[in-house]
Amino acid sequence: MVTLGGGATVQVSEQIASLGSNLLMITPGQRIGMGQRSAAVAFDVDDAEAIARDIGSISAVAPSSSQGVTVVFGNKNWSTKVTGIDGQYFKVRNWTIESGREFVSSELRAGKAVCILGATVRKELFGGQDPLGSNIRMEKVSCQVIGILEAKGQSTMGTDRDDLILIPLRTFQRRIAGNQDIGLIQVSVQDGVSTDKVKQDIEQLMRVRRHISPSEDDSFSVRDMKEIAKMLTGTTQVLTALLGAVAAVSLLVGGIGIMNIMLVSVTERTREIGVRLAIGALTREVLMQFLVEAIVLSSFGGLFGIVLALTASVGLARVLQVPFVFNSGIVVIAFFFSAAVGVIFGYFPARQAARMDPIEALRHE
Amino acid sequence: MNTIVVSKQISHSPLIELHGVTKVYGTGGAAMHALRGIDLRIDQGEFVAVMGPSGSGKSTCMNILGCLDTPASGAYLFKGVDVGKLSRDQRALLRRNYLGFVFQGYNLLNRTSALENVELPLIYRGTPAVERRERALKALEAVGPKGWKSHTPGELSGGQQQRVAIARAIVTDPKVLLADELTGNLDSAHSREIMELLTSFNSERSITIVMVTHEPDMAAYAGRIIRFLDGVIDSESG
Ligand SMILES: Nc1ncnc2c1ncn2[C@@H]1O[C@H](COP(=O)(O)OP(=O)(O)OP(=O)(O)O)[C@@H](O)[C@H]1O
Ligand SMILES: [Mg+2]
C-alpha cells in the first residue's frame, strides 16, 4: 500500500517536472467551477509579445491554440487534437523530438503546412512505417510530417499525452481555426525567481491590455504549475501516509494473529516438550528445535506475505495506472516484523516449557 | 557429554535405592503428601511389580524413579549416584541412556506416526537413520502386529497406543524399564503377550523391570511385589 502511494507521488512529481516546473499558464476567462470557465475574449499574438517584452525574469513564452481534428493518412483516420505553437513551446513543455526536427523560424513565420506528430498519432496512422516526409490531411490542409515527439505516456488523470499534432501557430490560425485567437500562453520563469512576483506582473499587464477597470474581476487567469504541483504531491503524500497507516494497522492485527497462533501452538506443544524431555532430550536440544521451527515458519510466512503483497501491488499499480515503485525499506520492516513476532512468541514460551520438570510439562493442559 | 557420571566400578551396589523419599503436592492446608518416606532397594536384573489402591502414590514414585520428578526430601541413588545432585542435563542423559518409561497416559507425540514415535529416543541418542528405522520396526513388531507404523496416535486404539508406548520404551534396550500400568488398556490375551515379552527381556537381556499394575495375574509374572498404601510401602512379598 505504501508502495502504491509512493508510486503515485513519484508519478505526479514526474509529470509536473515534465511540464516544466517554473511554468505559468495564462488562459482567457476565469474558472467558475469544475471544467467550466466564463466566456471571455481570447488572447492574440500581441499579448504574448507584450509579455515577452514587458515582463522581466522570464526565460520563455509560448502562445498556443488547440482544436480537435480528424487526421487522414491513406485509408486511415484518427481523431486527435491539433495545437498551433509558436516561440519556445518545446522548451516550456519539456518536449523533445524523437526523430526528425523542430519547426524552423521561417516555417513558423510563414505558416508552412508542416507538422510534428505525437507518438500515439504516429502509431495510429503509420503503424510501423516511417512517417517523416509523408503528407497527412487534417480538415482541408495537407501537411508534411517533419518530426515525431518522444512519448510521454499517460497523465495522472488518465489522458494520453501523446495524442496530439503540433503545427506552426500561424498555420493553425489561418488554415484551421480561421481566426487570430490564442487560447493559452505559457510562460517559463527563470530559475531562482519567485513565480508569484512574475504572476502578479503578468496579471497587472493583462489587466491594462484588456482594459479592465479596478472594480472588475480579471477576465483571464494565471495559474502557477508549482502550486498545482505542490497541491497534487501533497494530496498523494497524504494518501501515502493514510495507506501507510492502514498497512501499519493490518501489520499489527496480523502480528496479533501470528502471536495467537504461536502461543496456542506452544501451549499445545508443551506436552510434546515434556515427552521429548522425558525420553532424554536436553533442554537446549528442545529449544534449538523450537527456535529453528519458529524462524523457518515466520520467515516463510514473511516471504510469502511479501511476495503476495508485491504481486498485488504490481497488479494494482497497473490497474490504477500508477508506476510501481519498489520500497525496500517497507519490505524489510514487514519481514522483520513478522519474523520477530514469530520468534518471540514461538521461542520464549517454548523456553518456558523446556525449563520445567518433564513431569510438569507432561501434565500441562 | 553422552557418557554419564554413573561409573561401572560401583556396579555391585544396588541398581536403585530410595532412602526416606517423600513427595508433597501443594502447600499449607491443601498440601497432599503423596509419598511419606519410601525406602526401597531394587537390584540389577530384578522384575518388580508395584501394587496398591488408587491414589496410594505409585505413579508419583515411578516418576521419581524415572528422574522425571524430584523428591521433596530423601535420596535417590541410581547405581550409587545421588540423582538429586545431578544437573538437569545429566538427569536427561540418565533417562536417555539407562531408562525406558511407559506412562500411564502413553504420552505419544500426536502429530507423528507410530514409527516416528518409536524412533524418537534413538534420535536423541544419535543413532544413524537406517539403524534407527530398523530397530524401531523391530520394537514395534515385538509388541504387536505390523500395519500401524504409519498411523498417528489419534488413529490407534488405546491398547494399540499403549503398545506403541511400550515399543518406544524398549527400543533403546534400556537398563531399567519403568512401566506405569502398561497393560491397563489391554485385554487379557494381549496383556499376557506383553507380560511374556517383558519376562523374556528380563531373563534374556537382564533388563531390570519395575511395573505398576492393579491385576494380581500380571503381578504374578514379577519376582517381587511391592504394595503401596497411603504414600508408604505397606508390604513386600516374593
Ligand atoms: N500433580 C498433582 N498435584 C496434586 N496432587 C497430585 C498430583 N499428582 C498426584 N497427586 C495426588 O497424589 C496422590 C498419589 O497419586 P498417584 O498418581 O501417585 O497415585 P497412583 O497410586 O498412581 O494412583 P492410580 O492407581 O490411580 O494411578 C493422589 O492422592 C493424587 O491425588
Ligand atoms: Mg498411577
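# A tour of the model, stop by stop

T22(B) is buried, with a relative accessible area of 18%; buried means under 20% relative accessible area, exposed over 50%, and partly exposed in between (1.4 Å probe, protein chains only). This is a predicted model, in which local features need pLDDT of at least 70, side-chain atom pairs count only at pLDDT 80 or more, and totals for chains, interfaces and linings use all residues. Residues are numbered from 1 along each chain as its sequence is written, chains are lettered from A and ligands numbered from 1 in the order in which they are written, and side-chain values use heavy atoms, with hydrogens and water left out.

**Stop 1: T22(B).** Select strand β1 of chain B, residues 16–25, where T22(B) is found. Helices (H or I, at least four residues) and strands (E, at least two) are DSSP runs, numbered from the N terminus. Next, show S73(B): its side chain makes a polar contact with the side chain of T22(B), at 2.7 Å. A polar contact is a pair of N or O atoms within 3.5 Å; within protein, one must be able to donate a hydrogen and the other to accept it, and residues adjacent in sequence count only if both atoms are side-chain atoms. Leaving aside neighbours within four places in sequence, T22(B) is also in contact with residues including L35(B), R36(B), G37(B) and P71(B), where contact means heavy atoms within 4.5 Å.

**Stop 2: I16(B) and the core.** Stay in chain B and select I16(B). Not counting residues up to four places away in sequence, I16(B) touches L40(B), R41(B), I42(B), L65(B), Y76(B), L77(B), F78(B) and V176(B). The largest nonpolar core has 52 residues, and I16(B) is one of those that touch the most other members, as are I273(A) and L18(B). Such a core is a set of buried Ala, Val, Leu, Ile, Met, Phe, Trp, Tyr and Cys residues joined through side-chain atoms within 4.5 Å. A second, separate core of 39 residues includes L108(B), V118(B), A167(B) and L198(B).

**Stop 3: ligand 1.** Select ligand 1, which lies between chains A and B. Around it are 15 residues, the closest being S54(B), G55(B), K58(B), S59(B) and T60(B); a residue counts as near if one of its heavy atoms lies within 4 Å. In chain B, α1 (58–65) gives the most to this shell, with three residues. Which polar side-chain atom lies 2.7 Å from an oxygen atom of ligand 1? That atom belongs to K58(B). From chain A, a polar side-chain atom of R363(A) lies 3.3 Å from a nitrogen atom of the ligand.

**Stop 4: helix α2 of chain A.** Move to residues 45–54 of chain A, where V45(A), D47(A), A48(A), A50(A) and I51(A) are buried. The buried residues of α2(A) pack against β1 (23–28), β4 (58–73), α6 (169–177), β11 (184–189) and α7 (195–209) of chain A. At the start of α2(A), show D44(A): a side-chain oxygen there reaches to within 3.1 Å of the backbone nitrogen of D46(A).

**Stop 5: L303(A).** Select helix α9 of chain A, residues 283–320, and find L303(A) in it. L303(A) is partly exposed, with a relative accessible area of 47%.
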